[in-house]
Amino acid sequence: MNEPYNKSHISIGANQKLVKKSPHTPDLLNSLQSDLAKMELWRCHQCGQCTAVCPSGKHGGIMTREIMERAAEEALLLQEEESIWLCAMCNSCSERCQLGVDPAFVITLLRQAAASMGNCPRHFADEAKLFQTTGMSFPSTGMTRKLRKELGLPELCMSQKTVDEIRSIVRRTSMGRVDVE
Ligand code: SF4
Ligand code: SF4
């Protein structure tokens, strides 16, 4: 069972400790609150259908309905929240929600903000670094090359120009805020 949360001591916006943690934080929190407001989370009536179809939740991962509730109430401590990283980004919750709430996108927004505050699991940061340096989010292994050859596909090879363009795009997005060094 998930730990109960306590709204009195956790918050997206009002916790001064968050503001001091990162130079991005004041702007980031304003931007996150504005983005969440656009998602109209008040429409969520906590039916739990998103949780019912969530493959992660079925195995003790993210509790989608609860995250929607806590996001609506700004009751998340983003620099410590771990469950948002257990989402598999399959989009099933968003497809199922009959009220047009988009939980998968809400979780994406929460992840972006959390990552900017330094809450990003190492393997995600490694993936981001690989993407920025090679243009691919997973390494091309011997097995990849063998399978591509068998399928008659050309070798995967990003030109330096392509990688430079990817870096430039990444720098302009939230992904560029993640410290991957
Ligand atoms: S996000 Fe949609 S499916 Fe999930 S609890 Fe809210 S209303 Fe129900
Ligand atoms: S997108 Fe994430 S939260 Fe939604 S159903 Fe898939 S794993 Fe669960």
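**Exercise 1.** Which residues are buried in α7?

*Solution.* Start with the ground rules: this is a predicted model, where local features need pLDDT of at least 70, side-chain atom pairs count only at pLDDT 80 or more, and totals for chains, interfaces and linings use all residues. Residues are numbered from 1 along each chain as its sequence is written, while chains are lettered from A and ligands numbered from 1 in the order in which they are written.

Next, the cut-off: buried takes 20 or more other C-beta atoms, placed from the backbone, within 10 Å of the residue's own. Run that along α7 and you get Pro103, Ala104, Val106, Ile107, Leu110, Arg111, Gln112, Ala113, Ala114, Ala115 and Ser116. That's eleven of 14 residues, so to speak a mostly covered helix.

**Exercise 2.** Work out the span of α7 and what follows it.

*Solution.* Helices here are DSSP runs of H or I, at least four residues, numbered from the N terminus. α7 covers residues 103-116 and reaches 20 Å from first C-alpha to last, close to the expected 20 Å; the expected span is 1.5 Å times one less than the number of residues. Just after α7, glycine 118 has a positive phi of about 95°.

**Exercise 3.** Describe the shell around ligand 1.

*Solution.* Count residues whose C-beta atom, placed from the backbone, lies within 6 Å: 14 surround ligand 1, the closest being Cys44, Cys47, Cys50, Cys97 and Val101. Elements giving two or more residues are α3 (49-53) and α5 (64-72). Then sort the shell: eight nonpolar (Ala, Val, Leu, Ile, Met, Phe, Trp, Tyr, Cys, Pro), two charged (Asp, Glu, Lys, Arg) and four polar (the others, Gly among them).

Note on methods
Buried ≥ 20, exposed ≤ 12 C-beta atoms within 10 Å, placed from the backbone.
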